[in-house]
Amino acid sequence: MKYIDLRSDTVTWPTKEMRDAMANAVVGDDVYGDDPTVIELEAYAASLTAKEAALFVPSGTFGNQLALFTHCPEGPK
């Protein structure tokens with residue numbers, strides 16, 4: 001049985017179709033807002049959640065850290 005293992009960002013290997021999509025994607029520099037694929041993905045995610053904007057992050061761990069930083073106050077210095 002094939003399944004998606006969500007324990008880690010690196011446990012599940014991409015399928016041939018996923019690799020083909022990555023190899024053929026139109027890319028640019030996301031830091032400068034020049035990646036049309038990321039712009040489209042962010043706009044799609046924002047529309048799905050009825051939000052003004054969305055932010056792509058490269059891993060679930062990164063997303064979890066952003067969520068923690070957003071919702072938790074800074075600890076003692």
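Among the contacts in the chain with a separation of 6 or more, residues 24 or more positions apart account for 9%. The model is predicted, and its chain holds three helices and zero strands, which follow the pattern α-α-α when read along the sequence. Because the radius of gyration of the chain is 16 Å, well over the 11 Å that the globule rule gives for 77 residues, the chain is more spread out than a compact globule.

**Overall dimensions and exposure**

- Taken along the principal axes, the box filled by the C-alpha atoms of the chain is roughly 45 × 35 × 25 Å.
- Of the 77 residues of the chain, 8% count as buried, while the chain as a whole exposes about 7,200 Å².

- Side chains of opposite charge can pair when their charged atoms come close.
- Both Lys16 and Asp20 belong to helix α1, which covers residues 16–24, and their spacing of four residues corresponds to about one turn of the helix.
- The two partners fall into separate accessibility classes, since Lys16 has a relative accessibility of 57% and therefore counts as exposed, whereas Asp20, at 32%, counts as partly exposed.

**A nonpolar patch on the surface**

- Leu55, Phe62, Leu66, Leu68 and Phe69 form a nonpolar patch on the surface, and together these residues have about 520 Å² of accessible area.

**Val38, a buried position in helix α2**

- Val38 lies in helix α2, and its relative accessible area of 11% is under the 20% cut-off, so Val38 counts as buried.
- When residues up to four places away in sequence are not counted, Val38 touches Asp30 and Phe56.
- Leu6 and Val38 are 32 residues apart in sequence, and the C-alpha to C-alpha distance between them in space is 22 Å.

Notes: Residues are numbered from 1 along each chain as its sequence is written. This is a predicted model: local features need pLDDT of at least 70, side-chain atom pairs count only at pLDDT 80 or more; totals for chains, interfaces and linings use all residues. Side-chain values use heavy atoms; hydrogens and water are left out. Helices (H or I, at least four residues) and strands (E, at least two) are DSSP runs, numbered from the N terminus. Buried means under 20% relative accessible area, exposed over 50%, partly exposed in between (1.4 Å probe, protein chains only). Patches are made of residues with over 30% relative accessible area and no salt bridge: like charges are joined within 9 Å, nonpolar side chains (Val, Leu, Ile, Met, Phe, Trp, Tyr) within 5 Å. Accessible areas come from the Shrake-Rupley method with a 1.4 Å probe; for residues, only the protein chains shown count as cover. A salt bridge is a side-chain nitrogen of Lys or Arg within 4 Å of a carboxyl oxygen of Asp or Glu. The radius of gyration is taken over C-alpha atoms; the globule rule is 2.2 Å times the number of residues to the power 0.38. Contact means heavy atoms within 4.5 Å.
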